[in-house]
Amino acid sequence: VSHPDASKLISSLESSSKTNLSQVVPWFAEQMPTTYFRIFGEETQRRHLRAISTLFDDDLNLKTLSLTSHHGGAGGCPGRGPSAVYHTTLSRGAATSAAARL
(Lines give C-alpha, C1' and ligand atoms only; values in the text may rest on other atoms or scores of the structure.)
Protein backbone atom coordinates (compact mmCIF):
# COMPACT_ATOMS: atom_id res chain seq x y z
CA VAL A 1 0.00 0.00 0.00
CA SER A 2 1.46 3.34 -1.03
CA HIS A 3 1.04 6.66 0.71
CA PRO A 4 -1.83 8.83 -0.51
CA ASP A 5 -1.18 11.79 -2.78
CA ALA A 6 -1.07 14.76 -0.38
CA SER A 7 -2.35 17.25 -2.97
CA LYS A 8 -5.39 15.07 -3.70
CA LEU A 9 -6.10 14.73 0.03
CA ILE A 10 -5.82 18.48 0.51
CA SER A 11 -8.13 19.14 -2.43
CA SER A 12 -10.70 16.68 -1.12
CA LEU A 13 -10.60 18.14 2.39
CA GLU A 14 -10.82 21.71 1.11
CA SER A 15 -13.88 20.84 -0.95
CA SER A 16 -15.71 19.13 1.91
CA SER A 17 -14.72 21.92 4.33
CA LYS A 18 -16.13 24.60 2.01
CA THR A 19 -19.43 22.74 1.75
CA ASN A 20 -19.60 22.24 5.50
CA LEU A 21 -18.69 25.86 6.29
CA SER A 22 -21.30 27.18 3.87
CA GLN A 23 -23.84 25.51 6.17
CA VAL A 24 -22.18 26.23 9.52
CA VAL A 25 -21.38 29.93 9.15
CA PRO A 26 -24.99 31.12 8.54
CA TRP A 27 -26.20 28.89 11.41
CA PHE A 28 -23.45 30.29 13.67
CA ALA A 29 -24.26 33.91 12.78
CA GLU A 30 -27.97 33.38 13.52
CA GLN A 31 -27.69 31.26 16.65
CA MET A 32 -24.94 32.95 18.64
CA PRO A 33 -26.16 35.77 20.89
CA THR A 34 -24.89 39.32 20.44
CA THR A 35 -23.05 38.99 23.75
CA TYR A 36 -20.92 36.20 22.27
CA PHE A 37 -19.66 38.48 19.49
CA ARG A 38 -18.97 41.23 22.00
CA ILE A 39 -16.98 38.91 24.31
CA PHE A 40 -14.99 36.92 21.77
CA GLY A 41 -12.72 38.34 19.08
CA GLU A 42 -12.52 37.15 15.50
CA GLU A 43 -9.69 34.65 16.07
CA THR A 44 -11.61 32.91 18.87
CA GLN A 45 -14.76 32.93 16.73
CA ARG A 46 -12.81 31.22 13.92
CA ARG A 47 -11.50 28.58 16.33
CA HIS A 48 -15.02 27.99 17.61
CA LEU A 49 -16.38 27.76 14.06
CA ARG A 50 -13.79 25.12 13.16
CA ALA A 51 -14.80 23.09 16.22
CA ILE A 52 -18.55 23.62 15.75
CA SER A 53 -18.28 22.53 12.12
CA THR A 54 -17.58 19.00 13.39
CA LEU A 55 -21.17 18.84 14.67
CA PHE A 56 -22.36 19.42 11.10
CA ASP A 57 -20.13 16.71 9.65
CA ASP A 58 -22.34 13.66 9.20
CA ASP A 59 -19.32 11.41 8.67
CA LEU A 60 -18.06 12.16 12.19
CA ASN A 61 -21.45 11.66 13.86
CA LEU A 62 -20.51 13.61 17.00
CA LYS A 63 -23.25 14.00 19.59
CA THR A 64 -21.81 16.80 21.76
CA LEU A 65 -19.01 19.32 21.68
CA SER A 66 -17.53 21.17 24.64
CA LEU A 67 -15.75 24.48 24.11
CA THR A 68 -13.56 26.11 26.73
CA SER A 69 -12.38 29.63 26.02
CA HIS A 70 -10.11 31.82 28.05
CA HIS A 71 -10.50 35.57 28.22
CA GLY A 72 -7.21 35.93 26.34
CA GLY A 73 -9.13 35.29 23.11
CA ALA A 74 -11.88 37.74 24.00
CA GLY A 75 -12.82 40.73 21.94
CA GLY A 76 -12.92 42.96 24.98
CA CYS A 77 -15.43 42.40 27.72
CA PRO A 78 -15.40 45.10 30.41
CA GLY A 79 -15.16 43.84 33.95
CA ARG A 80 -13.74 40.44 33.05
CA GLY A 81 -10.23 39.70 34.20
CA PRO A 82 -7.68 37.72 32.23
CA SER A 83 -8.46 34.65 34.32
CA ALA A 84 -12.07 34.43 33.07
CA VAL A 85 -12.90 31.05 31.50
CA TYR A 86 -16.06 30.32 29.52
CA HIS A 87 -17.49 26.84 29.02
CA THR A 88 -20.12 25.92 26.43
CA THR A 89 -21.51 22.53 25.50
CA LEU A 90 -23.32 22.12 22.20
CA SER A 91 -25.40 19.10 21.29
CA ARG A 92 -26.10 17.77 17.85
CA GLY A 93 -29.78 18.18 17.22
CA ALA A 94 -32.32 19.01 14.58
CA ALA A 95 -30.64 22.34 13.84
CA THR A 96 -27.34 20.65 13.00
CA SER A 97 -28.60 17.47 11.35
CA ALA A 98 -28.39 16.87 7.62
CA ALA A 99 -32.17 16.65 7.39
CA ALA A 100 -32.57 20.16 8.78
CA ARG A 101 -30.10 21.54 6.26
CA LEU A 102 -31.87 20.14 3.21
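Predicted model: local features only at pLDDT ≥ 70, side-chain atom pairs only at ≥ 80, totals over all residues.
The chain contains four helices and two strands, and their order along the sequence follows the pattern α-α-α-β-β-α. Of its 102 residues, 28% count as buried, while the accessible surface of the chain comes to about 7,000 Å², with 56% of that area belonging to carbon and sulfur atoms. Among contacts in the chain with a separation of 6 or more, 54% are accounted for by residues 24 or more positions apart.

A search of the whole structure finds five aromatic pairs. One of them is formed by Phe28 and Phe37, whose rings adopt an edge-to-face arrangement with a distance of 5.7 Å centre to centre and an angle of 90° between the planes. The two partners are assigned to separate accessibility classes: Phe28 is buried, with a relative accessible area of 4%, whereas Phe37, at 32% relative accessibility, counts as partly exposed. Tyr36 and Phe40 form a further aromatic pair, which is tilted, with 5.1 Å centre to centre and 45° between the planes; both Tyr36 and Phe40 are buried. Through ring pairs, Phe28, Tyr36, Phe37 and Phe40 are linked into a cluster.

Turning to charged side chains, the structure holds three salt bridges. In one of these, the side chains of Glu42 and Arg46 meet at 3.9 Å, N to O; because these residues are four positions apart in helix 3 (residues 42-52), Glu42 and Arg46 are separated by about one helical turn. Glu42 is exposed, with a relative accessible area of 59%, whereas Arg46 counts as partly exposed at 41% relative accessibility. Arg46 also forms a salt bridge with Glu43, in which the closest N and O atoms are 2.8 Å apart, and here too both residues lie in helix 3, three residues apart, or about one turn of the helix. Glu43, itself partly exposed with a relative accessible area of 38%, additionally forms a salt bridge with Arg47, for which the closest N and O atoms are 3.7 Å apart. Since Glu43 and Arg47 are four residues apart in helix 3, about one helical turn separates them, and Arg47 counts as partly exposed at 38% relative accessibility.

Note on methods:
Residues numbered from 1 in each chain as written. Heavy atoms only, no water. Phe/Tyr/Trp six-rings, centres within 6.5 Å; stacked < 30°, edge-to-face > 60°. Buried < 20%, exposed > 50% of the residue type's maximum accessible area, 1.4 Å probe, protein only. Contact = heavy atoms within 4.5 Å. Areas by Shrake-Rupley, 256 points an atom, 1.4 Å probe, with all protein chains shown as cover. Salt bridge = Lys/Arg side-chain N within 4 Å of Asp/Glu carboxyl O.
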